[in-house]
Amino acid sequence: MPADAAPPQDVKRKAAREVIDILHEIATLLNTKLDRQQLSYCVSLIENGANPEALANVIRELREEYGTDSVDGGVEEPGAR
């Protein structure tokens with residue numbers, strides 16, 4: 001293996017990070033209010049067979065029932081006050 005080549009696991013990890021970064025940008029433009037970790041959980045659930053529409057409905061219902069602060073872990077957006 002050449003000295004400048006990254007191990008395959010590092011390449012996969014970097015690619016996954018880039019995908020989440022792109023998805024987070026899209027989610028931000030769509031005002032989903034999902035952070036990177038939440039988005040990563042959603043992607044993982046969908047990759048493991050969860051129905052995306054059902055997942056979106058669950059998130060929506062949780063936000064209605066508990067408010068966005070409870071669902072997003074109470075993390076405030078910068079400059080929210």
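The following paragraphs lead through a predicted model of a single chain, from its overall make-up to individual residues.

Residues are numbered from 1 along each chain as its sequence is written. Because the model is predicted, local features need pLDDT of at least 70 and side-chain atom pairs count only at pLDDT 80 or more, while totals for chains, interfaces and linings use all residues; side-chain values rest on heavy atoms, with hydrogens and water left out.

Confidence is expressed as pLDDT, the predictor's confidence in each residue on a scale from 0 to 100. Its mean over the chain is 84, and 78% of the residues reach 70 or more. Over residues 75-81 the pLDDT falls below 50, and this stretch has one contact in the model beyond near neighbours in sequence; a contact means heavy atoms within 4.5 Å.

The secondary structure consists of three helices and zero strands, in the order α-α-α from the N terminus. These elements are DSSP runs numbered from the N terminus, with helices (H or I) of at least four residues and strands (E) of at least two. Helix 2 (residues 36-47) has the highest mean confidence, at 95, whereas helix 3 (residues 52-71) has the lowest, at 87.

The accessible surface of the chain comes to about 6700 Å², and carbon and sulfur atoms account for 56% of that area. Such areas come from the Shrake-Rupley method with a 1.4 Å probe; for residues, only the protein chains shown count as cover. Of the 81 residues in the chain, 14% are buried. Here buried means under 20% relative accessible area, exposed over 50%, and partly exposed in between (1.4 Å probe, protein chains only).

The largest nonpolar core has six residues, namely A27, L34, L39, C42, L55 and I59. Helix 2 and helix 3 each supply at least two residues of this core. A core of this kind is a set of buried Ala, Val, Leu, Ile, Met, Phe, Trp, Tyr and Cys residues joined through side-chain atoms within 4.5 Å.

The packing of helix 1 (residues 8-29) against helix 2 can be described next. Their axes come within 10 Å and cross at roughly 110 degrees, so helix 1 is roughly perpendicular to helix 2. Axes are lines fitted to C-alpha atoms, for helices over the stretch in contact, and angles run from 0 to 180 degrees between N-to-C directions. Angles under 35 degrees count as roughly parallel, over 145 as roughly antiparallel, 65 to 115 as roughly perpendicular and the rest as oblique. Helix 1 contributes I20, D21, L23, H24 and A27 to the contact, and helix 2 contributes R36, L39, S40 and V43.

I20 counts as buried because its relative accessibility is 15%. Leaving aside neighbours within four places in sequence, I20 is in contact with R36, L39, S40 and V43. The C-alpha atoms of I20 and R36 are separated by 6.8 Å, although the two residues lie 16 residues apart along the chain. H24 is likewise buried, with a relative accessible area of 15%, and it touches L34, D35, R36 and L39, again without residues up to four places away in sequence. From H24 to Q37, 13 residues apart in sequence, the C-alpha to C-alpha distance is 9.5 Å.

The loop between helix 1 and helix 2 holds N31 and K33. N31 has a positive phi near 55 degrees and is not a glycine; this residue counts as exposed because its relative accessibility is 54%. K33, also not a glycine, has a positive phi of about 60 degrees.
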